[in-house]
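Welcome, and thanks for taking a look at this one. Please open the sequence and the model side by side, and we will walk through a few local features together.

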Amino acid sequence: MTEFDEYYSPVAWWLWLKPRAVNRSSQRIEPADRASKSSQRIERANARDRASRFPQADRADPKYRPNPMSYPVALALSPPRAAYLHIPFCRRRCFYCDFPISVVGEFKTFRDRPDQPPEPATGRNSAPIIEYLSALEREITLGADRAAADQPPLETVFFGGGTPSLLAPEQVDRILQLLDRRFGLAPQVEISMELDPGTFDRAWLAGFLAAGVNRISLGVQAFQAELLAACGRSHGVQDIEQAVALLQSAGVKNWSLDLISGLPNQSIDQWQASLDRAVACGPAHLSVYDLIIEPQTVFDRRYQPGDRPLPSDEQTAQMYRMASQTLQAAGFQHYEVSNYAQFGFQCRHNRTYWENRPYYGFGMGATSYLAGQRFGRPRTRAAYYDWLNNGAIEPPASPQSVPDRLAETLMLGLRLAEGLALEPLRQEFGTVWVDRVLQCLDRFAAEGWVVRSGDRLALAEPDGLLFSNSILAEIFSTLEQEP
């Protein structure tokens with residue numbers, strides 16, 4: 001997924017994440033004289049996010065009611081109930097991608113059997129994938145050996161990548177059986193898996209579902225062939241149509257679709273067409289990200305942010321508002337900066353990150369959050385194997401300051417449309433720090449970007465969420481100053 005020494009991503013430290021893009025408009029309006037430490041934090045936030053009005057009471061989803069304690073440190077110290085597994089293999093690297101992946105190629109050839117035609121590269125015929133899964137299972141076993149005796153069963157599992165759908169169904173089944181034996185899987189466990197169009201067929205999908213996968217995230221990104229080619233994606237529009245048809249024919253209800261806005265040469269009309277086609281596909285969940293040009297990527301070598309053929313800041317802001325309007329009109333709740341869900345279909349695993357709850361991370365580059373400490377694994381397979389062979393030692397814990405813990409809590413909690421309850425924040429971090437934050441947010445409240453409703457603080461829909469990075473930059477700058 002993303003950089004592993006950065007803050008906010010499913011691989012490193014969260015979310016991960018997807019998301020794979022960020023709202024550039026909110027990134028760029030940060031004042032030029034912002035303290036460097038704040039800028040660094042925002043950059044780390046951008047890596048996690050690739051970025052509401054308060055939900056009306058009668059629309060609030062009881063399945064995901066805000067925790068009354070609003071994610072205090074007590075939750076961070078509780079036993080993990082979520083696990084992220086990083087599957088780093090892809091057939092090619094997309095032009096915007098800076099994630100820790102290993103490219104296995106489109107096809108597997110057989111040097112010892114020259115008469116045998118090439119086969120699509122998968123976990124069944126790729127030696128690197130087979131070797132990696134053996135190491136991943138070793139790490140899961142080590143993690144279980146070190147878990148507390150009263151470890152509760154896992155309530156969410158997420159296979160991210162990379163392209164997890166390159167794994168064979170029996171490999172996914174073996175990993176899930178290992179997790180069940182060593183950690184336990186709750187009866188209503190959510191098991192999510194990222195699938196790319198063109199990497200699975202009917203039998204492959206049936207195998208994933210039989211293994212226990214019950215939530216699919218489909219990496220579409222665009223519905224225009226020229227945009228897919230411009231991104232270096234390995235699939236085409238026909239692959240998307242076939243993938244959606246497979247999900248529908250298999251009766252999969254809980255599935256998500258990913259889109260990216262702000263792509264090179266992407267027009268407003270193309271973006272609206274992608275939104276409309278995404279809704280017509282019938283997913284229960286949509287993730288909508290705005291492209292960010294990551295260092296040392298193909299796009300980084302080709303383009304400069306703000307220059308053609310990339311859309312302008314004004315256009316990307318318009319695209320964000322279009323997504324909010326179109327998807328909410330289609331019945332989706334805009335429940336997080338980049339995420340929309342039909343009633344009852346929010347991603348439970350990703351809420352673990354946004355609610356600052358602990359989780360296990362397994363695999364190359366994956367980040368865990370245990371006992372209030374985050375730890376990212378090495379970003380390459382060789383370094384990851386060395387780390388495992390040397391005992392998978394995690395560094396000693398280093399305590400966080402009160403401002404840092406508060407900044408982290410706000411950065412995560414304010415991503416959710418429901419926001420945060422203030423009284424638990426005062427109890428956890430002190431009235432002085434919380435009131436300073438509220439004071440610095442007054443000018444954003446005057447703009448209509450920040451909303452106070454009773455004891456809750458949230459970002460307004462859509463512009464508070466759109467410009468969230470600027471709001472967070474102001475919060476970080478305030479927290480860097482002595483009270």
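In which sense do strands β16 and β18 pair, and over how many bridges? The pairing is antiparallel, and two bridges hold the count for β16 (residues 420-421) with β18. Please keep in mind that this is a predicted model.

Together they give an open sheet of three strands in the order β16-β18-β17. The edges are β16 and β17, each of which pairs on one side only.

A421 stands opposite R456 of β18, and L420 has L457 as its bridge partner. L457 is also the bridge partner of R452. Strand β18 itself covers residues 456-459: R456 and A458 point one way, L457 and L459 point the other way, and all are buried. Between β17 and β18 lies a hairpin with two residues between the strands, where G454 takes a positive phi near 65°.

## Helix α4 and its surroundings

Helix α4 runs over residues 127-146, which is 20 residues. From first C-alpha to last, α4 reaches 29 Å, close to the 28 Å expected at 1.5 Å a residue.

Among the buried residues of α4 are I129, Y132, L133, L136 and I140, and the list also includes E137 and E139. What covers the buried residues of α4? The cover includes β1 (82-87), β2 (89-90), α5 (169-182), β13 (360-362) and α13 (381-389).

## Two helices side by side

Helix α5 also meets helix α6 (residues 202-211): their axes come within 8 Å and cross at roughly 10°. Because the cut-off for this label is an angle under 35 degrees, α5 counts as roughly parallel to α6. On the α5 side the contact is made by P169, V172, D173 and L176, and on the α6 side by W204, G207, F208 and A211. By class, the contact of α5 with α6 has six nonpolar residues, one polar and one charged.

V189 is found in strand β7 (residues 185-195). Is V189 buried or exposed? V189 counts as buried because its relative accessibility is 11%, and the cut-off for buried is under 20%.

Leaving aside neighbours within four places in sequence, V189 is in contact with L154, E155, T156, V157, N214 and R348. For T156, the C-alpha atom is separated from that of V189 by 5.4 Å, although the two residues are 33 apart along the chain.

## Backbone details to check

Two cis peptide bonds deserve a look. One runs from G161 to G162, with omega near 15°, and G162 is found in the loop between β6 (154-161) and α5. Another runs from E461 to P462, with omega near 0°; P462 is found in the loop between β18 and α18 (463-466).

Which residues other than glycine take a positive phi? Q221 is one of them, with a phi of about 75°, and its place is in strand β8 (residues 215-221). A392 is another, with phi near 50°, placed in the loop between α13 and α14 (402-413). Q221 counts as buried at 2% relative accessibility, and A392 is buried with a relative accessible area of 2%.

Definitions and conventions: Residues numbered from 1 in each chain as written. Predicted model: local features only at pLDDT ≥ 70, side-chain atom pairs only at ≥ 80, totals over all residues. Heavy atoms only, no water. Helix = DSSP H or I, 4+ residues; strand = E, 2+ residues; numbered from the N terminus. Expected span 1.5 Å × (residues − 1). Buried < 20%, exposed > 50% of the residue type's maximum accessible area, 1.4 Å probe, protein only. Contact = heavy atoms within 4.5 Å. Pairing = 2+ DSSP bridges. Axes fitted to C-alpha atoms, helices over the stretch in contact; angles between N-to-C directions. Parallel < 35°, antiparallel > 145°, perpendicular 65-115°, else oblique. Nonpolar A, V, L, I, M, F, W, Y, C, P; charged D, E, K, R; others polar.
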